[in-house]
Amino acid sequence: MTDKGLKPAGASLSEYGIKNATTHWNLGWEELAKISVEKGFAQKTSSGAIAVDTGEFTGRSPKDRFIVKDDLTKDAVWWGDINIPFDAEKFDALEARVVAFLEGKELYARDVYACADERYRLKARVITQLPWMNQFVYNMFLRPTEDELKNFEPEWVIINAPEFKAVPERDGTRQHNFAIINFTKKRIIVGGTGYTGEIKKGVFSALNFILPHLKNTLSMHCSANVGKNGDTAIFFGLSGTGKTTLSADPERKLIGDDEHGWSDDNTVFNFEGGCYAKAIDLSAEKEPDIFNAIKPGAILENIMFKEGTNEVDFHDSSKTENTRVSYPIYHIDGIQENSIGKNPKNIFFLTADAFGVLPPISKLTPGQAMYHFISGYTAKVAGTEVGVTEPQPSFSACFGAAFMPLHPTKYAEMLGKKMQDAGVNVWLVNTGWSGGSYGVGARIKLKYTRAMITAALNGELNDIEFKQHKVFGLAMPTTCPGVPDEILFPRNTWADKNKYDEVANDLANRFNKNFEKYADYASEELLAGAPKAIVLS
C-alpha cells in the first residue's frame, strides 16, 4: 500500500449516513504521523515516535460501555454492572446524531482485520476524526494487503467521534462519553472520549461474544508464545502481574501479548496486529522489547517530557499512571509467523498476591483451573490507589471481566473442556510477595519466576514430588531448578506461622465470597476447586 492510501472500490461514507466528508482512505502510518504533527495533534519525540494527549479520559470508562439489548443479545449476554443494556431505538437515534455531527468534516477511514486465523477473521472499517487515532488502528489491527484492500467490504463498522458529546437525558447515556456495541447492526460507536483503548476493547468485546457464542471458539484475554518445538504457552494475568514481561522470552516466539482465540481444531491465534503496552516506569533494562519498539510508527499516549526536551520521561505520572504506547507487532523481534500456534501445552495464571499467601508456582486440577480462571485474582498494594492502605484483593472474572459479554462460566467451561481434551498443564504463578504480606515480606525475584516458568515449559516439573497447600489445595513442587527450595512453600517463609494461617484463611474466605455470584451456574467439578478454610488452633 502506498503512503497516500488506497480507497476500496465503491467505498463511501455516505452509506453510513456521513455526508460531504473529506475522507482519507487507508493512509500509511508515515502520512498519518506527519499530518498529526503538522495539525498540532501530536509531538514528535526523540525516538521518532509521536506523542499525543487523549484529553479528559486517559483510560477506559467501564460504566459508559453499553451493549444494545435486542433479540440477538437479550438471552445471551450476562447483563449487569459490566454489560449494561442500551435500547436499540436510542442507539439508532444516537448514531444518527453522531454521523450528522461528522458531516462535512475531514475524516480518516481505515479497513482492517481482527483474528489471524482466516476462518474467524472479522473485517472492520474504522472511521476516525483524528489522524493519530487512525494510525492507532493501523498499529493495533491486522493490516490487509493492497490486493485485499481493492475490493474490501467490511462486516463491522466502528465510528469514532471524540469531539461529539452525548446529552444523557436525550441520548440514554450515563454522561457525555460512550462506547456502544450493536451486535445486530454490527456497529460500534464511540464518542466523547479521546482514549483509543475504547476502539481496541470494543472489537475485543465483540469477538468475546461472536467466537464463543456463535463459532464454538474460546476467546481469551491473554498473551501467548511458541517454543522451538512448536509448543504453545498461554499467559493469563491482570495488570501488574507480569503477563507481557513473562511472555517475552528470547527462547520463544511471541504470538501476541493481549487477545487470542483457541479454536475447536487446536489452533491459538492472535486477534491483533500490534501491542498496546503500559509505558509508566518503562526502561530498556526492565522491558527491552517494549522500549526498543518505541520508534517511528509508535504512538505514546499521555506521557511527559524531560524539561526543555522532546525526550520522554517515562517515570512522570503527573498526567496518569496509565501512560501507554501502541506499535505494530513487527516492531518486536522474534514474532511467530502468521501469529498462530498449535494447541497449548502449558497455561499460566499469573497473580501478584500482595498477601504473601499463594505459592510462587503450583499445579492446578481442572476444577481448580476453572475456579481460578473465573476468580481472576490479583491484589492491589498500598499506595496504588487513593484509600488503599493495605493489600486489597482484586477479582476480574476470566482475567478480563470488563470485556466479556457472556456469563463467566461459559468461558470457564469451554476452557476446562479444551484443557482436558488437549492434556494441558495449568499452573498458578504468584509474582507477588513471599515471607509476609506487602510491607513485611519481599516481592518474589523475577529471575526465580522465570526459572519456574522455564522449568514448567521444559517438563522439568513433570516427575517432581508435589505437596498440597492446606487451605487452597494447590499442588506445590518440592524442588525446582534454579529456585531455592525454601521459597516454594509460602508458609515456611513466614516468621510467624500462625499469622500466615490467619491470612491464608482470610484470603480463602474472600475468594469464596467473590465466587458466590457465580456458584449457581457452576458445575460440581468447578466448585470442588474452591479453597477451604482450616480450623485455627
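Which strands does helix α3 lie across? In this predicted model, whose residues are numbered from 1 along each chain as its sequence is written, local features need pLDDT of at least 70, side-chain atom pairs count only at pLDDT 80 or more, and totals for chains, interfaces and linings use all residues. Side-chain values use heavy atoms, with hydrogens and water left out.

Helix α3 (residues 131-140) lies across β3 (50-52), β16, β17 and β20, and runs at about 115 degrees to β17. Angles run from 0 to 180 degrees between N-to-C directions, with axes fitted to C-alpha atoms, for helices over the stretch in contact; contact means heavy atoms within 4.5 Å. Helices (H or I, at least four residues) and strands (E, at least two) are DSSP runs, numbered from the N terminus.

The open sheet has five strands in the order β2-β3-β17-β20-β16, with mixed pairing; strands pair if DSSP finds at least two bridges between them. Its edge strands, each pairing on one side only, are tabulated below.

| Edge strand | Residues |
|---|---|
| β2 | 43-44 |
| β16 | 274-278 |

Strands β17 (residues 299-301) and β20 (residues 324-328) are antiparallel, paired over three bridges, and isoleucine 299 stands opposite serine 326 in β20.

Elsewhere, helix α9 (residues 366-375) packs with helix α10 (residues 408-422) at an angle of about 145 degrees, their axes being 9 Å apart. Residues making this contact include Ala369 and Phe373 of α9 and Tyr411 and Leu415 of α10.

Phenylalanine 349 touches, among others, Ala369, Phe373 and Leu415, not counting residues up to four places away in sequence.
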